[in-house]
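Please give me a short tour of this structure. I have it open in a viewer and would like to know what to select at each stop.

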Amino acid sequence: MPRLRRRGPGGGGLGTSLLREQASHFRHRDGKLYCEGVPAEELVAAYGTPLYVYSRSSIVERYRELDRAFSGVDRLIAYSVKANGNLSILQLLAREGAGADIVSGGELQRALLAGVAPEKIVFSGVGKTIQEMAAALEAGIYGFNIESESELRVLSELASTVGKVAPIALRINPDIESPTPHAYTRTGHRATKFGIPSEDALRLYQLASELPGIRVRGIDVHIGSQIVAVEPYERALTHVLALVDEIRAAGIELEYLDLGGGFGVAYGDGVDASIPDLAAALVPRVADSGLRLILEPGRYIVGHAGVLLTRVLYIKEMGGKTFVVTDAGMNDLLRPSHYASYHAVEPAELHPGRPMIAVDVVGPICETGDFLALDRPLERPAEGELLAIYTVGAYGFSMASQYNARVRPAEVLVEGDAFRLIRRRETVEDLVRGEVEFLESSDTLQT
Ligand code: PLP
């Protein structure tokens, strides 16, 4: 990690107080955006744009806050890899003691490569393949969160075949409609594909306790993502604890209670989920149950820790609108177009006195849905200048694609005055690898 000269605090940021509060490791000093102690401009000079920039301190502080808040109970914070699966970020969290919540064989490999202990890994997801289950069994993970009777039977058969016993929890669908900003992030009610209906739970726990390849270990629930209120978690806990009583009354022992993740962060107005309030509501009741608590937070840990830096390519006035065309598009940051989600946007360098205008910040992708912000008041930028898109540490890079044959951005991790690349920008060779060998030569086309 190159050591950089420490810079003085400068003459006070000009960013909005809201942004400062939310993404406190990204601040303007003397009108220029810094991540921790490093100017955005310096990162862009080193690695180009679009560029994902993460604050190490932000990630660590968030993880520690969660771990401390729930310290009244035996616990495992299983970071949800899907939020941001960069190996260096996983390694950082593993070194803090985090486990991992995974949903695929790929995420299993990421977690293991980064040094997450297998006995701290839980495997969620409605569509685990036999190959993925086999890899997780082989690794010796802590628990499979099972989402259907068929999956339970397939896992038992597989485990018996390879001479192992698979530790499981059943993921309960508590039929709770959690107040998330978008329907796509609600997972706790009947109309979704997730979990097992509560009325089937006891029968399936009895089945699980009899299947030769299965060891019942826990019970699991995840009600959705981007939830700020405490009350849905309390309701989910009440629901699951009632089932725990029934399961125990049937003579089946349980070791853990996985309450999932989903703790929300503020993208614009609003507040983050209150972890102290959540812990105050949940910890005493979990402690009473004697169960080990597992949490699967993703967004809360890494959401505010990331900013996407993008360069303004062109400014277009059309149809009464001003379009700011950036070199980042929906393939780099999908959330605005997929979830209609809001991300704060600011110039990396502020120019007080410039007019504020309403703009659409749009990408270069050939889709009308390719936007980062719509009808947003912004200090009028000039072509060539940098913009910062805030709170993109979760579901930012991890949802990026190569659509329009675009290479995915580089990622850089900042710590204090130092920074290091944690993923190089892709190249066109990366895009076509896996295809070029299948190009037909002129010979094979001849008849
Ligand atoms: N656990 C499960 C089963 C999930 O499906 C998700 C998100 O989709 C999470 C945890 C993490 O959610 P969040 O990043 O909102 O904490």
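The tour goes through a predicted model, starting at the ligand and moving on to the aromatic rings.

Next, show the backbone atoms of Gly262, where an N or O atom lies 2.8 Å from an oxygen atom of the ligand. A backbone N or O atom of Gly298 lies 2.9 Å from a ligand oxygen, and for Arg299 the distance is 2.8 Å. On its own the ligand has 400 Å² of accessible area, and the protein covers 92% of that.

Now turn to the rings; the structure holds 6 aromatic pairs. Select Tyr47 and Phe419: their ring centres are 6.0 Å apart and their planes stand at 90°, so this pair is edge-to-face. Because Tyr47 belongs to helix α2 (residues 40-47) and Phe419 to strand β21 (residues 418-423), the pair ties together parts 372 residues apart in sequence. Phe419 is buried, with a relative accessible area of 6%.

Move to Phe123 and Phe144, a tilted pair with 6.0 Å between centres and 35° between planes. Phe123 is in strand β7 and Phe144 in strand β8, so the pair ties together parts 21 residues apart in sequence. Both Phe123 and Phe144 are buried.

Two stops remain. Select Tyr142 to find the charged end of Arg292 over its ring, 5.1 Å from the centre. Finish with Tyr52, Tyr54 and Phe397, which ring pairs link into a cluster.

Note on methods: Residues numbered from 1 in each chain as written. Predicted model: local features only at pLDDT ≥ 70, side-chain atom pairs only at ≥ 80, totals over all residues. Heavy atoms only, no water. Polar contact = N/O pair within 3.5 Å; in protein donor to acceptor, adjacent residues only side chain to side chain. Areas by Shrake-Rupley, 256 points an atom, 1.4 Å probe, with all protein chains shown as cover. Phe/Tyr/Trp six-rings, centres within 6.5 Å; stacked < 30°, edge-to-face > 60°. Helix = DSSP H or I, 4+ residues; strand = E, 2+ residues; numbered from the N terminus. Buried < 20%, exposed > 50% of the residue type's maximum accessible area, 1.4 Å probe, protein only. Lys NZ or Arg CZ within 6 Å of the ring centre and 35° of its normal.
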